[in-house]
Amino acid sequence: MALVLQEVRTNSYPRIDGIDRATGRARYGADWKVPDMLYARIIQSSIPHGIVRSIDKSKATNGIIGIITCLEDETVWTAGEREHPRRVFTDHVRFVGDCIGAVAATSRKAAQQGAESVEVVYDELPSVFDLDQALKPDSPKIWDSGNVIGPLSYGFGNSAESFSKADLVIERDYVTSRVHNAPLEPGVSLAWWDDNVEKLTVVAATQGISSCREGLAADLGLKLENVRVICLYKGGGFGNKNNSMNYDIIAALLARKARRPVIVEYSREQDFTGVHGRWSSKQHLRAAVRGTKVLGVDLKGYCDIGAYTRAIKQSKFLNGAEDYYSCDSWSAEVNGVYTNTPTTAHMRAPTGPQACFASETFMDEIANELGVDPVEFRLKNAIAKFHGTEEFLSNSLKECLEIGAEKFGWRKRWANPGSSRRSNHSEKLIGVGTAMATWHSFVGKGEALIKLKQNGTLEVYVGVVDIGTGAKTTMAAIAADALGVPLESVRLISGDTETCPFSIGESGSRTTSYTGTAVRAAALKIREKIISLASDYFNLGQAEFDVRDGLVCQRHDEKIPVPLYRFLENVGVDELVESQVTEPSLPVGKHRYSFAAHFAEVEVDSETGVIKVTGYLACHESGQIVNRLTAESQVQGAVVMGMGMALSEKVLIDPNYGAMQNPSFLNYRLPNHIMIPKIEVEFVESTDPFGPKSLGEIPIVPVPAAIGNAVFNATGTRLRELPFMPERMLLLMDSSQ
Ligand code: MOS
């Protein structure tokens with residue numbers, strides 16, 4: 001029997017590190033100071049494509065302690081590109097900003113000047129910045145093997161059969177733009193070696209200390225036990241600080257060369273250009289419809305993945321939407337296309353919002369074509385069995401649609417497109433839209449070490465970092481709940497591979513399920529020990545005892561409860577220690593997913609084309625919710641991020657040089673408070689046999705589609721390209737009048 005989180009209770013706990021984060025006491029990577037530390041800056045390519053012929057370092061002298069370039073170092077950054085070997089310092093540059101070398105100096109200023117004074121001579125190669133151009137047979141080749149990963153085919157069922165039965169065939173094209181993870185904390189890494197240069201310590205801004213450690217050990221040829229990775233606080237990541245980063249390796253290489261600690265600090269601009277964003281897509285969808293049932297969908301997709309992709313091929317660049325509908329067939333053929341532009345890879349639900357924007361806008365178009373209410377249409381077509389035949393462990397997609405629609409007041413608010421209500425201001429058009437999504441929810445390996453001290457403190461050791469998700473609080477809450485102590489008596493020790501056991505890392509919406517399962521199991525073992533000690537001490541059966549609110553209670557005797565610390569003192573126990581490794585696996589043929597339905601209300605200004613989201617409700621089923629407060633903020637944060645993707649965010653690429661044109665928070669338009677309405681969150685709770693399901697990623701998935709569908713409902717104008725910029729909105733509204 002697998003140890004699972006099934007019994008966990010829902011509660012609302014404020015973040016245990018909230019005050020430290022808000023007051024500046026929290027120690028992020030860039031806050032570290034160690035004696036003799038040097039500052040490093042990277043040398044970046046100024047051209048989009050070429051071979052480095054020579055490097056003149058002679059002008060980099062003032063305060064410079066060490067320089068490493070591609071001409072002397074061939075270390076490979078395995079996590080930097082999945083299809084080809086990518087070097088940390090490359091002599092074949094593939095985009096403006098590619099890393100050629102790095103400089104360590106006694107001050108930031110000296111490092112900056114040093115990096116700028118290094119002169120690089122290139123043999124320039126022809127370059128390509130546009131997806132369609134890169135697909136042409138005579139296009140410049142970014143890799144010897146060509147520019148295309150694919151076609152990657154996936155799906156199920158028999159497409160030809162679906163289309164032969166159809167009474168309506170409909171096809172459309174959709175475009176999603178490149179966006180950026182843009183976490184608040186830019187890339188930073190501090191490294192030092194012990195005196196014998198055998199053991200490496202890296203203070204990394206990482207989403208996962210274990211995966212960062214594994215990557216560093218592999219790429220630097222070190223034993224795992226000789227690499228220590230520390231990350232006490234992390235300011236966001238959203239998928240772009242997974243595994244080991246190149247700046248982690250750069251800090252280690254420079255520190256080894258200089259024999260002093262080295263910190264690499266990325267500027268905001270470098271964090272935009274040197275760390276990846278989300279790939280763009282062009283998608284063609286074709287559906288076979290019979291009555292109000294979608295029988296099958298064919299999808300052809302092309303994604304601009306930049307010069308390197310850190311994405312894993314299993315994602316197929318656009319998967320996800322094939323798991324929303326109860327179709328008989330889904331037939332997808334997707335290509336990832338390299339261009340001489342910055343790297344792309346995972347961002348919160350890596351393929352999700354791209355795939356959902358196309359498919360859920362498409363479904364809205366089909367519903368409109370058929371004259372069916374969009375919620376009704378989705379209820380008819382929502383997935384019931386996985387790929388038509390196999391079971392879900394739990395499936396609440398329809399409940400999400402029904403409960404969400406009810407709470408949002410869909411039936412009152414929705415009117416036929418074109419008949420949209422006008423608000424008091426006559427130029428404002430109002431409409432509502434919906435979109436749904438599903439997202440995989442894995443189970444896997446977790447580890448936890450728990451010590452109950454005699455003074456009643458519960459020390460919980462976990463390898464999590466908490467990139468902003470609230471994971472530290474969730475882990476502490478699971479331990480407190482399982483043992484029966486108040487949250488305040490938990491001391492969470494995390495973010496250091498030397499003291500903490502393995503954790504999966506905060507990616508793939510996995511921490512609560514993977515590591516939380518182990519935390520609960522270890523805490524339950526401590527609880528059993530206490531009850532056994534109590535049974536011996538009082539000479540009564542174990543069933544007589546319970547641990548509640550930090551007290552050892554006897555069910556039938558008022559003389560006890562005894563506080564835990566007193567009890568441990570009485571029985572003469574200094575500390576109780578338990579560790580646990582859990583590794584559940586899904587039963588064969590069973591599928592585990594999370595579900596969501598979102599509802600948006602928009603107000604479109606017909607004079608300016610500006611779209612304002614005026615209402616939003618996100619209804620989710622992610623199994624048991626451990627901490628309602630942080631779960632709600634995960635959903636709200638992701639919805640805000642999705643609003644950015646829908647309304648304002650776009651990585652602008654220089655058409656002549658391929659460089660990112662807007663690598664700053666001034667010009668890369670993240671959503672701000674003025675754009676954001678109240679975001680209501682509803683949870684449909686279900687009892688999944690493995691407990692809490694994925695939640696960190698799914699709430700961004702339906703957002704752009706829900707907003708676009710609301711805009712159609714308001715204006716009768718269909719938006720098929722992200723983001724929805726006002727000038728384009730105006731143009732489309734004018735042409736449809
Ligand atoms: Mo994530 S995009 O799985 O870090």
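The model is predicted, with local features requiring pLDDT of at least 70 and side-chain atom pairs counting only at pLDDT 80 or more, while totals for chains, interfaces and linings use all residues. Residues are numbered from 1 along each chain as its sequence is written, and side-chain values use heavy atoms, with hydrogens and water left out.

**Stop 1: Gly-237.** Select Gly-237, in the loop between strand 12 (227-230) and helix 6 (246-258). Helices (H or I, at least four residues) and strands (E, at least two) are DSSP runs, numbered from the N terminus. Gly-237 has a relative accessible area of 0% and is buried; buried means under 20% relative accessible area, exposed over 50%, and partly exposed in between, with a 1.4 Å probe and protein chains only. Contact means heavy atoms within 4.5 Å. From Gly-237 to Pro-183 the C-alpha distance is 5.2 Å, across 54 residues of sequence.

**Stop 2: Val-229.** Go back to strand 12 and select Val-229. This residue is buried, at 0% relative accessibility. Leaving out residues up to four places away in sequence, its contacts include Val-202, Ala-204, Thr-206, Gly-495 and Asp-496. Thr-206 is 23 residues from Val-229 along the chain, and their C-alpha atoms are 9.1 Å apart.

**Stop 3: helix 14.** Select residues 564-571 and colour Leu-564, Phe-567 and Leu-568, the buried residues of helix 14. Their arc around the axis is only 95°, so they lie on the same side of helix 14; the arc is that of the directions from the helix axis to the C-beta atoms. Elements packed against these buried residues include helix 13 (511-538), strand 20 (446-453) and strand 26 (575-582). Gly-572 follows helix 14, with a positive phi near 75°.

**Stop 4: helices 8 and 16.** Select residues 352-370 (helix 8) and 703-715 (helix 16), whose axes come within 8 Å and cross at roughly 30°. Axes are lines fitted to C-alpha atoms, for helices over the stretch in contact, and angles run from 0 to 180 degrees between N-to-C directions. The two helices are therefore roughly parallel; angles under 35 degrees count as roughly parallel, over 145 as roughly antiparallel, 65 to 115 as roughly perpendicular and the rest as oblique. Show side chains for Cys-356, Phe-357, Glu-360, Thr-361, Asp-364 and Asn-368 in helix 8, which meet Pro-704, Ala-705, Asn-709 and Phe-712 in helix 16.
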